[in-house]
Amino acid sequence: MKIQHSCLLIIGALACSTVVAQPADIILTQGKIISADAQDKIYQAMAVRDGKIIALGKSKEMQAWKGSQTQVINLKGKAVIPGLIDSHMHAIRAALSYSTEVHWFGLNSIEAALDKLKQAAARAKPGEWLIVAGGWTEEQFKEGRRPTQEELSLAAPNNPVYVQWMYEWVMLTPAAYKALNIQSEADLPGGGKFQLDANGKPTGAIIGGIVPLFDKLPKPNFEDKVNGTQKFFSELNRVGVTGVIDPGGFNMSPTEYAPLFQVWRNKQLTVRVNYSYFAQKPNKEFEEFKELTQLLPMRFGDDMLRFNGIGERVTFSMYNNDKATPADQEKLYQVARWAAQNGYTLTQHWQENASAATLLDVFERVNQEFPIAKLRWSIAHLNNGTEATFKRMKALGVGWAMQDAMYLDGDKALHRHGDKQLERMPPINTALKLGIQIGAGTDAHRVADYNPFIALRWMLDGKSASGRKLRGDDEIPSRMQALKMYTSGSAWLAHDEQKRGSLEIGKLADLAVLSDDYLNVPLEKMAQIYSQLTMVGGNIVYREGLK
């Protein structure tokens, strides 16, 4: 045994010297590398080769990996975190129109929002649509209100303007009404209604029927969609995002994935995308899934683009249905059973805990025939989940895709649920203590801002966009816990925790060098953090001011 052991040591030493003889592609030195691993280790330097981390330690130790072609980057004390992975972002859809829309993300006043619109109008041709498709709320504006029709018309007098809030409200200018040939409520699709003021006069806004109304707007052409995909993903890189788990969405037919696939084929994808398919055909969901997935096995793709199963709308009848009937449950059961039998991950949109039992009853029934724990099924949203619900999820191995919905929607949720319930919405620490796998995200971009540092700040201070503290301290995680939900937690939902989500030797070099130290920046300044250098698989995909 001694001889064998000695031989192993010699072989190990030779192997080690062979590895060291192969220099790194990139070395990062003089930084604060927050590994977010199981031991929460912090390093000073890192070496990367062939897209993976090959060494971590002190700056001087990296000299062993330096070759004539090695790029050395002095971080000058900057903090480095694993690339952030949004557990639930409609990124593919957002990207399609990103280059042709006006964005109000993060603006703090009506004046700033209208100025954005004026700038867009100055660039646009007369008659060209100006569209704000969401991601804002009046609580973020110091005025605490939404823009009026008159303000929008003054900002863009020569263009039809469409401004959407969540999936509940849209303001159109008179030019937009004319372009859509809407003269009365009878012309509104999907049962929409005119909003009336205190005197019973239309304000210019429409309530309800938002999805079919949006469908009436002109669509970007294919070139615009490709351009938007590249621009939006670059913007995600700017805020440290290196991966998204995309749940599809309304209007996302198979043809809408073509621009993404082209960017991927051209090797221009800068964000790792794990996508699931969202049912588009009512009462034909089962046939739709079976047809589309015949040549699309679970996990099909590569490390940049991979199929991640079905959802978040699995069946129409169990989507946002708080009064599901046995027939509704049976429809979901048939699809879920097929998914489990064929090894598909499934994610299900669910809002209210009071009705979550009707969903979990289906999951438990499927689990009796085909165990689902290894499939990484998840529930998205569930902001008012309870300990009892999380215990059932834990027993099944079901994860939680949790977002910062209460940041933009918290003040309105306060009126619906009251102070006491809002103190634990969402119950992050309750779920963590029970061992639930949590992936953090935003649900951007129609109903939320895509910026992960807004979401991280909200996780840590519990405040809505208006600055009101809603979530109690009992449900506030630590900074490291919040970071891990945005990294390894989301990686788990993507079946990728062995490859990414922490900065460890052998894992993919997905990382962000931050403008400020995530672990120590004052909370009120956290939302201003951005990435000065973002790396995906060892490739620098975004760089600003760091050489």
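Throughout this tour, buried means a relative accessible area under 20%, exposed means over 50%, and partly exposed lies in between, with a 1.4 Å probe and protein chains only. The model is predicted, so local features need pLDDT of at least 70 and side-chain atom pairs count only at pLDDT 80 or more, while totals for chains, interfaces and linings use all residues. Residues are numbered from 1 along each chain as its sequence is written, and side-chain values use heavy atoms, with hydrogens and water left out.

**Two residues with positive phi**

Select R299 to begin, in the loop between helix 9 (285-292) and strand 16; helices (H or I, at least four residues) and strands (E, at least two) are DSSP runs, numbered from the N terminus. R299 is not a glycine, yet its phi is positive at about 75°, and with a relative accessible area of 21% R299 counts as partly exposed. D40 is partly exposed, with a relative accessible area of 33%. Most residues other than glycine have a negative phi, and most peptide bonds are trans.

**Two cis peptide bonds**

Display the backbone from G311 to E312, where the peptide bond is cis with omega near 10°; E312 is found in the loop between strand 16 and helix 10 (326-341). A cis bond also joins A444 and H445, with omega about 10°, and H445 has its place in the loop between strand 20 (438-441) and helix 16 (452-461).

Colour strands 3-2-7-21-22-23, given here in their order in an open sheet of 6 strands with mixed pairing; two strands pair if DSSP finds at least two bridges between them. Strand 3 (42-43) and strand 23 (539-543) stand at the edges with a single partner strand each, so one side of each has no neighbour in the sheet. Within this sheet, strand 2 (residues 32-34) and strand 7 (residues 79-82) run parallel and are joined by 2 bridges, and the bridge partner of I33 in strand 7 is V80.

Turn to the open sheet of 5 strands, whose order is 9-10-11-13-12 and whose pairing is mixed. Its edge strands are strand 9 (130-132) and strand 12 (193-196), each pairing on one side only, and the twist averages 25° from one strand to the next, taken between axes that are lines fitted to C-alpha atoms, with angles running from 0 to 180 degrees between N-to-C directions. Strand 9 pairs with strand 10 (residues 161-165) in the parallel sense over 3 bridges, and V163 in strand 10 is the bridge partner of V132.

**Aromatic pairs**

The whole structure holds 24 aromatic pairs, where rings of Phe, Tyr and Trp (its six-membered ring) pair if their centres lie within 6.5 Å, planes under 30 degrees apart counting as stacked, over 60 as edge-to-face and the rest as tilted. Show Y162 and F214, an edge-to-face pair at 5.8 Å centre to centre and 65° between the planes. This pair links distant parts of the chain, Y162 in strand 10 and F214 in helix 6 (residues 210-215), 52 residues apart. Y162 is buried at a relative accessible area of 0%, and F214 counts as buried at 11%.

Go on to F390 and W400, whose ring centres are 4.9 Å apart with planes at 45°, so the pair is tilted. Since F390 lies in helix 12 (residues 387-396) and W400 in strand 19 (residues 399-403), the pair ties together parts that are 10 residues apart in sequence. Both F390 and W400 are buried.

**Strand 19**

Stay with strand 19, where 5 of the 5 residues are buried, so the strand is largely enclosed by the rest of the structure. G399, A401 and Q403 point one way, and W400 and M402 the other way. Strand 18 (residues 378-381) runs parallel to strand 19 and is joined to it by 3 bridges, with W400 as the bridge partner of I379.

**The largest cavity**

End at the largest cavity, with a volume of about 120 Å³. A cavity is a set of points, on a 1 Å grid over the protein atoms alone, where a 1.4 Å probe fits but cannot get out, and its lining residues have an atom within 4 Å of a point; grid points are joined across faces, edges and corners, and a volume is the space filled by probe spheres set on the points. Of the 15 lining residues, select S87, I245, N308, T347 and S378, the closest to the centre of the largest cavity.

Definitions and conventions:
On a 1 Å grid over the protein atoms alone, a cavity is a set of points where a 1.4 Å probe fits but cannot get out, and a pocket is an open set with protein on both sides within 12 Å along at least five of seven lines; lining residues have an atom within 4 Å of a point.
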